[in-house]
Amino acid sequence: MITLLLLAAVLSAVPSGAAFVTPYSRSHNTKPVAGVATLTSSGSNDNNEPIFYDDFGDADFGGSSSMASQSMSSLSSRMSETKNLEASYDAKLARNWRRGNWGVRGFGLEKTSASGKPAIVSVVAAPTSSASVDISLPQDKALPEDRKVAVGRSDGSIFIIQLGSDYLTSFVSVSNPNEPATSQWMSAADVEDKSNNDRPKTKFGDGGIESDSTESKQQLQQSQSRPFQIIHQFQATESEEPIHNLVYHDTIEGIQLICAAAGESGAIKIWSLDTSESRSHGEELVASLTSDHSSKIISLEAMVIPSHKAAEDERNVLFSASADGTVALHDLDKKGELIFSCQCLDEMKTFGQVTCADVSNPTSWDGGCDENDRDVIFLGTSSGYVVGFVAEELMAAAASSAKNSDEVCPVPSIQFRAHGNDSGAGEAVTAIRCGGHGTIPNTTVGTSRMTSKILLTGGEDGAVKQWEILAQQSTFGIRLEHWPRMSSQRMKRRHHLFKGHDGAVTSISQQSKYDSSKFLTSGNDGSIRVWSATDGEQLYTMDGFTSYVSSLACLGRDLLVTDGSGQYVCVHDFSIDDDLDAGYDLDW
């Protein structure tokens with residue numbers, strides 16, 4: 001009771017006009033009210049000793065019950081207000097995602113490399129967390145205002161950008177004598193803001209932005225306060241090979257890591273970022289992994305292998321898969337030390353080359369995990385097959401074959417044709433995404449529980465398919481089954497086939513793992529499409545990109561960051577308040 005009364009006293013000290021900040025508040029300058037403020041006076045206190053002002057000095061905690069009742073009533077009112085604000089924000093986000101209502105801003109990097117060759121953005125990556133519950137979809141975590149994104153370019157350079165609120169921040173090359181000639185140093189340039197995003201009564205005109213009132217102009221000027229910023233920039237490859245896979249990961253120890261793959265060699269490099277420094281010279285090359293793969297890396301995933309015995313046994317792991325059919329796990333807590341590698345699809349000519357891969361959402365250790373809820377590695381192949389391996393079984397196989405010179409992968413836990421006819425001609429699986437919990441209820445058979453998980457696949461023909469994956473403990477380990485198993489079968493609560501892309505599907509993502517009612521896809525046709533997972537309806541299309549979109553990076557539930565616009569990166573903001581009458585003209 002004393003704790004509640006203290007909290008009520010703190011809340012009552014907040015001025016009535018102050019903003020009440022929730023985890024989703026858009027207020028930037030609101031400061032929390034401190035319980036005890038410390039000030040230094042140079043007047044009557046000759047020793048300049050701190051003078052303590054106790055906010056609770058005048059509080060009468062032994063007062064009447066009516067005072068306590070008023071405090072509790074005030075606290076209850078504030079709590080109710082907070083819940084209403086959060087519910088309103090959630091409803092707004094859901095409405096905007098459903099209707100396709102969003103604002104656009106972004107930043108542009110120099111269009112040429114240090115050697116003068118054309119350079120474009122080749123991949124963007126959202127930061128992932130070491131916490132198991134956040135690793136797969138970082139957008140489900142309450143993120144701070146200074147959110148960052150990692151950007152890889154076709155010239156082999158990597159940038160860590162802190163997102164801003166400006167419509168466009170353009171970064172241009174500047175002279176820096178401390179940088180080698182092979183690197184490119186960029187700084188922000190002044191760019192006129194031409195946005196109408198989330199701003200009342202503004203529209204585009206021939207001379208830039210036109211406003212219907214002086215008040216709108218003032219509101220427009222006040223909103224131009226936070227430009228995009230380069231936090232780190234460095235050259236990741238010596239020969240300017242394009243970055244095509246990128247991981248931006250926070251480990252359990254709070255260390256920020258960048259894992260990148262470039263070119264066709266199969267090499268992977270890991271950098272540690274010094275967060276106390278910025279812009280340059282705060283990057284340390286931790287490991288260069290060159291012996292595990294012999295061809296292009298098609299997937300890099302940071303994951304946490306949970307322990308079903310003790311929470312402290314969780315491990316930060318980097319999963320990699322190559323077009324040559326090899327997969328590997330490296331320990332990020334031990335500078336990329338190899339945990340396991342094997343040739344999964346070597347002599348199995350039926351499957352062909354590996355074209356895409358993903359890892360199922362890890363389960364955090366909570367002392368009561370479903371024993372069959374394991375991390376599964378799914379591989380998509382050029383022949384249209386999906387092949388799955390339980391990660392723990394791969395690690396067990398590595399331990400049992402540690403004394404042998406050749407490591408052999410176990411038999412796949414699942415394999416099925418997801419796309420294409422029996423011939424498999426031109427029907428490769430080009431994108432794959434684990435979609436969280438499915439809709440088939442758990443059933444108990446003896447001591448074995450079956451759980452359903454969602455798997456989304458995209459094909460070379462532009463088709464997207466949704467599957468339910470069932471797991472069951474068997475004598476030989478975890479056995480996985482897919483549904484539907486035949487083309488004549490249907491899913492009861494979800495749609496199976498989605499058609500709309502003209503050309504191969506390049507990426508699949510979700511706005512939140514807690515909301516599996518919709519998902520996003522991008523394709524070679526230069527469009528992003530948002531789908532209803534329950535009835536198969538295409539909700540809307542996001543287009544206007546100059547090339548195909550290879551990355552769909554969600555930062556929080558409100559922001560979607562994409563490439564596909566040359567040297568520019570687009571930030572699509574779904575937290576705007578109202579529908580906009582005017583359209584968007586990205587005059588970049």
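Strand S36 (residues 559-565) and strand S37 pair in the antiparallel sense over five bridges. The two strands form a hairpin with two residues between them. The model described here is predicted. Its protein chain holds five helices and 37 strands, and buried residues make up 50% of its 588 residues.

**The hairpin and strand S37**

- In the turn between S36 and S37, Gly-566 has a positive phi of about 70°.
- Within the pairing of these two strands, Leu-559 has Asp-573 of S37 as its bridge partner.
- S37 (residues 568-573) also pairs with strand S3 (residues 103-108), in the antiparallel sense and over six bridges.
- In that pairing, Val-569 of S37 is the bridge partner of Phe-107.
- Strand S37 is mostly covered, since six of its six residues are buried.
- Tyr-568, Cys-570 and His-572 point one way from S37, whereas Val-569, Val-571 and Asp-573 point the other way.

- Strand S23 (residues 385-390) pairs with S24 in the antiparallel sense over four bridges.
- One of the residues involved is Val-387, whose bridge partner in S24 is Gln-415.

**Nonpolar cores**

- The largest nonpolar core has 27 residues, of which Phe-319 and Leu-379 touch the most other members.
- The elements that give two or more residues to this core include strand S17 (297-305), strand S19 (326-331), strand S20 (337-343) and strand S22 (376-381).
- Helix H5 (391-400) also belongs to that group of elements, and H5 gives the most to the core, with four residues.
- Not counting residues up to four places away in sequence, Leu-379 touches Phe-319, Val-354, Val-387 and Phe-389, among others.
- Apart from this core lies another, of 20 residues, among them Val-149, Phe-171, Phe-228 and Leu-559.

- Ser-265 lies in the loop between strand S14 (256-262) and strand S15 (268-273).
- Ser-265 is partly exposed because its relative accessible area of 41% falls between the limits of 20% and 50%.
- Leaving aside its neighbours within four places in sequence, Ser-265 is in contact with His-293, Ser-294 and Ser-295.
- The C-alpha atoms of Ser-265 and His-293 are separated by 7.7 Å, although the two residues are 28 residues apart along the chain.
- A polar atom of the Ser-265 side chain lies 3.3 Å from the backbone nitrogen of Ala-267.
- Ser-322 lies in strand S18 (residues 315-322), and with 0% relative accessibility Ser-322 counts as buried.
- The side chains of Ser-322 and Ser-295 make a polar contact at 2.9 Å.
- Not counting residues up to four places away in sequence, Ser-322 touches His-293, Ser-295, Lys-296, Ile-297, Ile-298 and Val-354.

**The chain as a whole**

- Among contacts between residues at least 6 apart in sequence, 61% join residues at least 24 apart.
- The accessible surface of the protein chain comes to about 27900 Å², and 48% of this surface belongs to carbon and sulfur atoms.

Key:
Residues numbered from 1 in each chain as written. Predicted model: local features only at pLDDT ≥ 70, side-chain atom pairs only at ≥ 80, totals over all residues. Heavy atoms only, no water. Buried < 20%, exposed > 50% of the residue type's maximum accessible area, 1.4 Å probe, protein only. Contact = heavy atoms within 4.5 Å. Polar contact = N/O pair within 3.5 Å; in protein donor to acceptor, adjacent residues only side chain to side chain. Pairing = 2+ DSSP bridges. Core = buried A, V, L, I, M, F, W, Y, C linked by side-chain atoms within 4.5 Å. Areas by Shrake-Rupley, 256 points an atom, 1.4 Å probe, with all protein chains shown as cover.
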